[in-house]
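User: I would like to learn how to read salt bridges, helix packing and the nonpolar core in a model. Please take them in turn.

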Amino acid sequence: MTTHKREADNQSHHEDIVHIGQVMTRMRLLVGRRLIGRLAVQNVAPGLELSHLDVLDAVRRAETAGEVTVGVIAEILRIDPSRASRIVAEMVTRGVLRRKASQADARRIVVVITALGRKLVAEIKTQKLAIVQKVVKDWPPADVEAFATLFDRFISGYEQTFLPRKD
């Protein structure tokens, strides 16, 4: 490969990286408005806040690995445990979550999603999938498949960049 070709490739690569950064900014602005979550709350559980949805999602994701505690929720959301505890208490009051004794250790309290909470999760998922479907409706199936693979790879790499290191 010639030096000129290598420099052109490096310049093109740099421009692609800049473009990705610009698109990420646009996406952050859209996601930051939390439109899907706002619709779901409005339709299913008026009065809930978006932070409640974050906790609900954290519980949903964590329950696949076992029992969920307030500490687990705080760790997933990277918030103070006392804040997580207050949000969980609000959600218990509103019937979205409930507390129960751990099956592994009765001294420990775990958090579980109620039927209303599952309905809210389902509504969010339905709305999110409808929006994604609308965005890609004119895309060839091969493009949708390629984007799904590449987007997952990108987000996985992004997550790995910010996960705490275990030394």
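User: Is Arg108 buried, partly exposed or exposed?

Analyst: Buried means under 20% relative accessible area and exposed over 50%, with partly exposed in between (1.4 Å probe, protein chains only). Arg108 has a relative accessible area of 36%, so Arg108 is partly exposed. This is a predicted model, in which local features need pLDDT of at least 70 and side-chain atom pairs count only at pLDDT 80 or more, while totals for chains, interfaces and linings use all residues. Residues are numbered from 1 along each chain as its sequence is written, and side-chain values use heavy atoms, with hydrogens and water left out.

User: Which residue forms a salt bridge with Arg108?

Analyst: Side chains of opposite charge can pair when their charged atoms come close. The cut-off for a salt bridge is a side-chain nitrogen of Lys or Arg within 4 Å of a carboxyl oxygen of Asp or Glu. Here the partner of Arg108 is Glu67, with the closest N and O atoms 2.6 Å apart. The pair links distant parts of the chain, 41 residues apart: Glu67 is in the loop between H3 and H4, and Arg108 in the loop between strand S1 (97-101) and S2. Helices (H or I, at least four residues) and strands (E, at least two) are DSSP runs, numbered from the N terminus. Glu67, at 29%, is partly exposed.

User: How many salt bridges are there by this rule?

Analyst: The count is six. Among them, Arg118 and Glu63 meet at 3.2 Å, N to O. Arg118 lies in helix H6 and Glu63 in the loop between H3 and H4, so this pair ties together parts 55 residues apart in sequence. Asp57, Arg60 and Arg61 are linked in a network of salt bridges.

User: At what angle do H3 and H4 pack?

Analyst: Axes are lines fitted to C-alpha atoms, for helices over the stretch in contact, and angles run from 0 to 180 degrees between N-to-C directions. H3 and helix H4 (residues 70-77) pack at about 110 degrees, their axes 9 Å apart. Angles of 65 to 115 degrees count as roughly perpendicular, and H3 and H4 are therefore roughly perpendicular to each other.

User: Which residues have the most contacts inside the largest nonpolar core?

Analyst: A nonpolar core is a set of buried Ala, Val, Leu, Ile, Met, Phe, Trp, Tyr and Cys residues joined through side-chain atoms within 4.5 Å. The largest one here has 25 residues, and Val55, Val59, Ile73, Leu97 and Leu120 have the most contacts inside it. H3 supplies the largest share of this core, seven residues.

Terms used:
Angles under 35 degrees count as roughly parallel, over 145 as roughly antiparallel, 65 to 115 as roughly perpendicular and the rest as oblique.
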